[in-house]
Amino acid sequence: MCDPVSITTGLLTAGSALTGYQAQNAQAKAQNAASQMQRQNTLTSLQDSYKSTQKRMAQEQKTAALQIDQKQKAKRQALATAEVSAAEAGVGGYSVDALMRQISGLGATDIATITEQRDWNIANLSDQMSQQKQQADAVLSSQAKVSGASPLAALLQIGQGTLSSYDSYLTRHATTTRKG
């Protein structure tokens with residue numbers, strides 16, 4: 001006949017396996033949702049960082065362009081002043097030409113320095129963008145998708161519990177049959 005202990009044990013084992021299966025799946029879903037949120041936050045942060053860095057690059061370009069324009073105006077003004085002063089003084093020749101070349105050379109040096117500084121700053125900002133990308137990639141690659149519990153494992157656990165309950169039943173049945 002039916003052994004209530006074996007049936008109860010089998011049902012408890014099956015219930016426990018199903019509950020464990022559901023709990024593991026729920027935990028995997030929650031962990032995957034948290035990973036997806038972290039992924040989205042990382043990508044949003046990277047995008048914001050890129051926008052900020054690109055804005056700073058544009059500012060560097062604009063600032064350098066304004067400084068170069070000011071230096072060119074100052075150079076033209078210095079050349080005009082020197083030329084007028086030389087003409088008023090009645091001076092000409094090689095010494096005036098040398099003075100004009102010196103003024104032009106200083107202006108060109110100033111502009112080259114501004115350009116070099118701008119290029120260096122933009123290169124540094126570009127390096128920052130690369131570092132930001134590497135950091136985001138590291139965060140993103142560290143977040144593997146978690147798989148839930150295996151339905152096969154749950155079924156095998158239920159099968160094992162059922163067989164164990166049946167074995168217990170047979171053992172108890174054999175013992176009671178020998179006694180009786």
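K133 is partly exposed, with a relative accessible area of 36% (partly exposed lies between buried, under 20% relative accessible area, and exposed, over 50%, with a 1.4 Å probe and protein chains only). Its partner in a salt bridge is D137, at 2.9 Å from N to O; the term denotes a side-chain nitrogen of Lys or Arg within 4 Å of a carboxyl oxygen of Asp or Glu. D137 is likewise partly exposed, at 34% relative accessibility. Both residues belong to helix α2, four residues apart, or about one turn of the helix. Helices are DSSP runs (H or I, at least four residues) numbered from the N terminus.

## Basis of the model

The model is predicted: local features need pLDDT of at least 70 and side-chain atom pairs pLDDT 80 or more, whereas totals for chains, interfaces and linings use all residues. Residues are numbered from 1 along each chain as its sequence is written, and side-chain values use heavy atoms, without hydrogens and water.

## Other salt bridges

The whole structure contains four salt bridges. One of them joins D110 and K71 at 3.7 Å, N to O. This pair links distant parts of the chain, with D110 in helix α2 and K71 in helix α1, 39 residues apart. D110 has a relative accessible area of 32% and is partly exposed.

Another salt bridge is formed by R118 and D119, whose closest N and O atoms are 3.0 Å apart. D119 is partly exposed, at 40% relative accessible area.

Notes:
Helices (H or I, at least four residues) and strands (E, at least two) are DSSP runs, numbered from the N terminus.
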